[in-house]
Amino acid sequence: MSAGHALHVFINGQLSGAVYGGLENPKLTYSGNVKLRAGINKISMLSVAVGLPNVGLHFETWNAGVLGPITLSGLNEGTRDLTKQRWAYKVGMKGEMLSLHTLSGSSSVKWVKDLLLAQKQPLTWYKATFDAPEGNDPLALDMGSMGKGQIWINGEGVGRHWPGYIARGDCGECNYAGLYSETKCQTNCEQPSQRWYHVPRSWLKPRGNLLVMFEEWGGEPEGISLAKRSTTRVCADIVEGQPSLKSWHMATSGKSNSLQLKAHLRCPAELKISDIQFASYGLPQGTCGNYHESSCHAHKSNDAFEKNCIGQQSCSVNVVPEIFGGDPCPNTSKKLAVEAMCS
């Protein structure tokens, strides 16, 4: 038995199995079949503790890691208690002590490659080199093919990856009627909790960047890719009193012109509005990419676009003073200028 939070069991250097504790009860017990050979067998256990207590009554007496007992059953003699055998222990892993995530450390060991590359093997170190993509667009590692572990680029820690943690739940029909609960209207079921991991461009060299990863669960490293996020700017300019083709047709046909002015934003296919860079109802100055406010500016100009447009491929907002918090300069023909980013 272990007081948490994870335990990996090895027999003669081969992984026999692993078990993980939960948030409510971090204590765990490993029980599994093992393959022994004639003669002497070596049992190793890797105990993983995610954080230790640092507050509370007598917290120094709280324990983590392997507690025992350790027994081996199914022998001709029955069950053998190994708890009082002569055990040795050490802290950390050899890869950490060798600093395999650094350029000098990764060069101090021999790595296998090509057909010998381990696939879906737990507790494995991987490394690769890559050139930085051209441009200044944001970059991210797509780790969807991996399980759980740590990532370094040029010795800098990207952080923990955990795409093997899948969101569970019911993503069926959504209805907010009645009492709210955390299981209502769930989305992204059966998807990783996180797949993309940001890579700052300031860490990268033009060529020969070192990517090192420690994989705890096992995955397919050949599925890792470096993605570039491209952004597109879209703008809209609406001037009060400016007739549209539809309103002109209505006027010439003698019909009442009751059309409502609207600002329309639309991103290219597969992109969505991710940010409202500028919005001003009043007398904004400048052109797309270089707008700025004037003394005549409605203070809630941004609100309507952030509410109706963020996360959408396209949206439209009525151009009326009430939407933007009131008329900022009465008796003046006003204009709406808005600039959004698609990504």
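V319 is found in the loop between β16 (314–318) and β17 (335–342) of a predicted model, in which helices (H or I, at least four residues) and strands (E, at least two) are DSSP runs numbered from the N terminus. With a relative accessible area of 5%, V319 is buried; the term buried denotes under 20% relative accessible area, exposed over 50%, and partly exposed the range in between (1.4 Å probe, protein chains only). Residues up to four places away in sequence being left out, V319 touches I238, Q260, L261, K262, A263, Y281, F324 and L336, a contact being defined by heavy atoms within 4.5 Å.

Residues are numbered from 1 along each chain as its sequence is written, and side-chain values use heavy atoms, with hydrogens and water left out. As the model is predicted, local features need pLDDT of at least 70 and side-chain atom pairs count only at pLDDT 80 or more, whereas totals for chains, interfaces and linings use all residues.

The protein chain comprises 4 helices and 17 strands. Its radius of gyration is 30 Å, whereas a compact globule of 343 residues would have a value near 20 Å; the radius is taken over C-alpha atoms, and the globule rule is 2.2 Å times the number of residues to the power 0.38. Along the principal axes, the C-alpha atoms fill a box of roughly 105 × 55 × 40 Å. Buried residues make up 29% of the 343 in the chain. Among contacts with a separation of 6 or more, 69% are accounted for by residues 24 or more positions apart.

The chain carries 33 positive and 29 negative side chains, the centres of the two sets lying 7 Å apart. In this count Lys and Arg are positive and Asp and Glu negative, while His and the chain ends are not counted. The place of a charge is taken as NZ of Lys, CZ of Arg, CG of Asp or CD of Glu.

With a disulfide defined as a pair of cysteine sulfur atoms within 2.5 Å, the count comes to 5 disulfides. One of them joins C171 to C189, with an S to S distance of 1.9 Å. The torsion about this S-S bond is about 90°, so the disulfide of C171 and C189 is right-handed. Both C171 and C189 lie in the loop between β9 (156–161) and β10 (196–199), so the pair ties together parts that are 18 residues apart in sequence. C171 counts as partly exposed because its relative accessibility is 32%, whereas C189 is buried at a relative accessible area of 16%.

A further disulfide is formed by C235 and C288, whose sulfur atoms are 1.9 Å apart. The torsion about the S-S bond is about 65°, and the disulfide of C235 and C288 is therefore right-handed. C235 lies in strand β13 (residues 232–239) and C288 in the loop between β15 (273–282) and α4 (301–309), so this pair ties together parts that are 53 residues apart in sequence. C235 counts as partly exposed at 25% relative accessibility, and C288 counts as partly exposed at 40%.

C309 and C315 are also joined by a disulfide, with an S to S distance of 2.0 Å. Its torsion about the S-S bond is about 90°, so the disulfide of C309 and C315 is right-handed. C309 and C315 are both buried.

Backbone geometry was also examined. Most residues other than glycine have a negative phi, and most peptide bonds are trans. The peptide bond from G68 to P69, by contrast, is cis, with omega near 0°, and P69 is placed in the loop between β3 (43–48) and β4 (71–75). L123, which is not a glycine, has a positive phi of about 50° and lies in the loop between α2 (103–106) and β6 (124–130). C185, likewise a residue other than glycine, has a positive phi near 55°. This cysteine, C185, is found in the loop between β9 and β10 and counts as buried because its relative accessibility is 17%.
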